[in-house]
Amino acid sequence: MEHVITGYLRHVWGTSGWLYEGQHGFRPGYSCESQVVMVCQDIADLLDEGVRTAAIIIDFSKTFDLVPHDRLLTKIAATGVDWRVIIWIKEFLLGRSQRVRVDGQLSEEVRVTSGVPQGSVLGPLLFLAYINDIWRNTEYNIRLFADDCIIYRKITDSRDIEKLQKDLNSLGEWAVENKMKINPDKSKAVSFTKARVKERTRYYFGEQSIPEASSFKYLGIIIRNDLNWADHVNYTLRRAWKALHFIMRILKKGNNNTKRLAYTALVRPLLEYGAVCWDPYREGQAGALNRVQKRAAKFANIEESGW
């Protein structure tokens, strides 16, 4: 039944174009990679123009658990969804309880008054519906993958800085209104530029400043403020070698088919994830990635494919 309701909601919201186009999470045809590519392409275009870009990576705390049921139902009802579906979703969310087992002992039951069921088919889509209006009071680019949020804009003068801070203020107001929590300490401010920045710009959530950073990990990809991918290539190499050595140790006496399956499942995805964005053009980096594949090919008798 969850699949039926989810399919209906996707059809209604897809037909009306209601879901925010900058949201790439839990949507057919979108992915982590499509989100990263969009963000990096926007920033690269501005760097090519010689324009500085300021980006704020926003950390929300426990967002899936904080969604108020009444406000969620109100938002969904305003999208033109059949009233019988609203009633079904209400029954799906309300009346839940939870308890904890520790050393075989169960705690008393506690009513669940907020949040969407994680691990369910419908839960992620309900969350998208709840945060769908997060962008409405912002002036410039805000990109989302579920609750992973980044907002950025080009900076040419002090007015652009003021506009970005105004957008951050609007996001803070949205979070308070919708009972979401932003963690300024875990958020980051990054300035993308090829020039040396003489004066540092501070951005704030309320009265708390956002820490500055020269790089950040976004959806599993390490992005530097000069869009140099050396850090991410090295990170990928460490993970790939670690996974390959694990396979070689565990499957030392396994047959080639098992080794190939293990490589395809555990190593190759690490090498290929997001490669459309960070695929290295430097010979040293490409050679280092090729060495992983050559070692795997020798171990599992796989036909080599160059990077």
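Helix α4 (residues 69–77) and helix α5 (residues 83–93) have axes that come within 10 Å and cross at roughly 160 degrees. This is a predicted model. Angles over 145 degrees count as roughly antiparallel, and α4 and α5 are therefore roughly antiparallel to each other. The crossing of α4 past α5 is right-handed.

Which residues in α4 and α5 meet? From α4 come His69, Leu72, Leu73, Ile76 and Ala77. From α5 come Ile86, Ile89, Lys90 and Leu93. By class, this contact has seven nonpolar residues, one polar and one charged.

**Nonpolar cores**

The model's largest nonpolar core has 48 residues. Leu9, Ile89 and Leu126 have the most contacts inside it. Several elements give two or more residues to this core, including α4 and α5. Helices α1 (2–16), α6 (123–131) and α7 (158–177) are also among them. So are strands β1 (52–58), β7 (141–145) and β8 (148–155). The most comes from α6, with seven residues.

What does Leu126 contact, leaving aside its neighbours within four places in sequence? Leu126 is in contact with Leu9, Leu72, Ile76, Ile89, Phe92, Leu93 and Val116. Of these partners, Leu72 and Ile76 are also in the α4 side of the helix pair, and Ile89 and Leu93 in the α5 side.

Another core lies apart from the largest one. The table sets out both.

| Core | Size | Residues, among them |
|---|---|---|
| Largest nonpolar core | 48 residues | Leu9, Ile89, Leu126 |
| Another core | 41 residues | Cys40, Tyr152, Trp229, Ala240 |

In soluble globular proteins, nonpolar side chains tend to be buried together.

How values were computed
Residues numbered from 1 in each chain as written. Predicted model: local features only at pLDDT ≥ 70, side-chain atom pairs only at ≥ 80, totals over all residues. Heavy atoms only, no water. Axes fitted to C-alpha atoms, helices over the stretch in contact; angles between N-to-C directions. Helix = DSSP H or I, 4+ residues; strand = E, 2+ residues; numbered from the N terminus. Parallel < 35°, antiparallel > 145°, perpendicular 65-115°, else oblique. Left-handed = near helix turned anticlockwise from the far one by under 90°. Contact = heavy atoms within 4.5 Å. Nonpolar A, V, L, I, M, F, W, Y, C, P; charged D, E, K, R; others polar. Core = buried A, V, L, I, M, F, W, Y, C linked by side-chain atoms within 4.5 Å. Buried < 20%, exposed > 50% of the residue type's maximum accessible area, 1.4 Å probe, protein only.
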